[in-house]
Amino acid sequence: TCREANMGGASAPADDSEAPMFTSKLGLVLSCLGCVIGTGNIWRFPRIVAQNSGENGGLAFLLVWALGLWVWSIPVILIEYAVGRYSRKTVVGAFEHFHGPWFLWMGGWMAIATLGVAGYYSVIVGWCFYYTIFSCANELPATLNDSRMEWENMQDSPWPIACHAIGCFLAGLSIIKGVKTIETVNKIIVPTLLVTVLFSTGWALSLQYAYEGLTFLFSFDGSVLKTPQAWIDAITQNAWDTGAGDGLFLTYATYMRRHDGIVSMGTVTPVANNFVSLCCGILTFCNVFSVLSLTGYSRKEILPILKDSGPASTGLTFIWMPLLYADMAAGRFLAVLFFLSLAFAGFSSLIATFELLALVLQNMGVPRIPSAIVVTIVTFAIGVPQL
């Protein structure tokens, strides 16, 4: 048929009448937002912006980053939505569906890559859980040495492996009934995440000297555009931010109803995701500039702190942020909100990686519950050596 010819000769999709689907457009949107809004927005984005800013500001890098959204992320995400909704196949099955069995290895490679990412990602989610609990139960560190010592003490304790196990267990539990539990969980944690990020950003903008951070972030320094590494970092950060090409959107698209628009979803989700990243950048820059300006730091002294990746690229988030919040009014409350946002963001993305892997196993004939258990155990095992 003409339709088959337009889809590269692939057979028409199966009837959707009994297939599991998102029950509402809201559930679909929130789940897809949860899929991509993760630690890359809150933890990685501000550090990458700082590392690629010129002496006079970071706007040039932001412009290249925004360009990457339109030339890479959105086109790839549109393809993922279209392939997933049409074929109702996993990343492995989709390649076979459109190109034949000789291309199964491509989808298999994507699944293996996702498994590796899940093992690393669950460790980070565990750190976020720990710092959320720590901020609730303890006074925040007063000095840089205290903050570094807290990080080292945490790494030397049983907490990382315990929190890693909790993150894997909860993610496995969240996919136990497929799209039904995924939609329910994301309807709770994603709105909470968004409200928390927006509230924290608004609070950061109200701080004394916050305008210094805001001015620096949105000041143009043309020298950045002459640096090839800045272009590479901007495009790759956008791909990391949005999850374009990871197969996560393709997986969730298998649960889309036929009347759920591909173009609207493929545009709204990455744009909303980048908006959250920008809010997190504003939040971080305003916090850092405010606190350090009050303690007598100059702009030239503040920028290296923003660039400090620390051990395992943790410096800004897990070492500096508790220290900065300690100097604020209601600092513990804000620290809890920050790390709770980070935990929710990472957890919602971890759910998406678990679902991709479980659905691959399910399409290979493994029942849903054993698939979820296998993914949980294997992801935990992969993450342990990274602790």
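Student: What makes the nonpolar surface patch in this model?

Tutor: The model is a predicted one. Its patch covers about 870 Å² and is made by L63, L67, W70, V71, W72, F220, L225, W231 and V271.

Student: Which helix gives the most to the patch?

Tutor: Helix α4, residues 59-87, with 5 residues. L67 lies in that helix.

Student: Why is L67 called partly exposed?

Tutor: Its relative accessibility is 40%. Partly exposed lies between buried, under 20%, and exposed, over 50%. So L67 counts as partly exposed. Patch residues need over 30%, and L67 has 40%.

Student: How do you know how α6 and α8 are oriented to each other?

Tutor: Take the angle. Helix α6 (residues 104-137) and helix α8 (residues 159-174) pack at about 110 degrees. Angles of 65 to 115 degrees count as roughly perpendicular. Therefore α6 and α8 are roughly perpendicular to each other.

Student: What else describes a pair of packed helices, besides the angle?

Tutor: The distance between the axes. For α6 and α8, the axes are 8 Å apart. The crossing of α6 past α8 is right-handed.

Student: What makes the phi of R88 worth a remark?

Tutor: Most residues other than glycine have a negative phi. R88 is not a glycine, yet its phi is positive, about 55 degrees. R88 is found in the loop between α4 and α5.

Student: Is R88 buried or exposed, and how do you know?

Tutor: Its relative accessible area is 16%. Buried means under 20%. So R88 is buried.

Student: What is the phi of Y209, and where is Y209 found?

Tutor: Phi of Y209 is near 70 degrees, positive in a residue other than glycine. Y209 is found in the loop between α9 (179-205) and α10 (210-217). At 29% relative accessibility, Y209 counts as partly exposed.

Student: How many salt bridges does the count come to?

Tutor: The count comes to 4.

Student: Why is the contact of E139 and R332 called a salt bridge?

Tutor: The rule asks for a side-chain nitrogen of Lys or Arg within 4 Å of a carboxyl oxygen of Asp or Glu. For E139 and R332, the N to O distance is 3.4 Å, and their side chains meet in a salt bridge. This pair links distant parts of the chain, 193 residues apart. E139 is in the loop between α6 and α7, and R332 is in helix α16.

Student: What accessibility labels do E139 and R332 get?

Tutor: E139 has 61% relative accessible area. Exposed means over 50%, so E139 is exposed. R332, at 32%, is partly exposed.

Student: How do you know that E183 and K187 are about one helical turn apart?

Tutor: They are 4 residues apart in helix α9, so about one helical turn separates them. E183 counts as buried at 4% relative accessibility. K187 counts as partly exposed at 36%.

Student: What makes E355 and R368 a salt bridge?

Tutor: Their closest N and O atoms are 2.8 Å apart. The cut-off is within 4 Å, so E355 forms a salt bridge with R368. E355 is in helix α16 and R368 in helix α17, 13 residues apart.

Student: Why are E355 and R368 called buried?

Tutor: Buried means under 20% relative accessible area. E355 has 0%, so E355 is buried. R368 has 12%, so R368 is buried.

Note on methods. Residues are numbered from 1 along each chain as its sequence is written. This is a predicted model: local features need pLDDT of at least 70, side-chain atom pairs count only at pLDDT 80 or more; totals for chains, interfaces and linings use all residues. Side-chain values use heavy atoms; hydrogens and water are left out. Patches are made of residues with over 30% relative accessible area and no salt bridge: like charges are joined within 9 Å, nonpolar side chains (Val, Leu, Ile, Met, Phe, Trp, Tyr) within 5 Å. Accessible areas come from the Shrake-Rupley method with a 1.4 Å probe; for residues, only the protein chains shown count as cover. Helices (H or I, at least four residues) and strands (E, at least two) are DSSP runs, numbered from the N terminus. Buried means under 20% relative accessible area, exposed over 50%, partly exposed in between (1.4 Å probe, protein chains only). Axes are lines fitted to C-alpha atoms, for helices over the stretch in contact, and angles run from 0 to 180 degrees between N-to-C directions. Angles under 35 degrees count as roughly parallel, over 145 as roughly antiparallel, 65 to 115 as roughly perpendicular and the rest as oblique. A crossing is left-handed if the near helix is turned anticlockwise from the far one by less than a right angle, and right-handed if clockwise.
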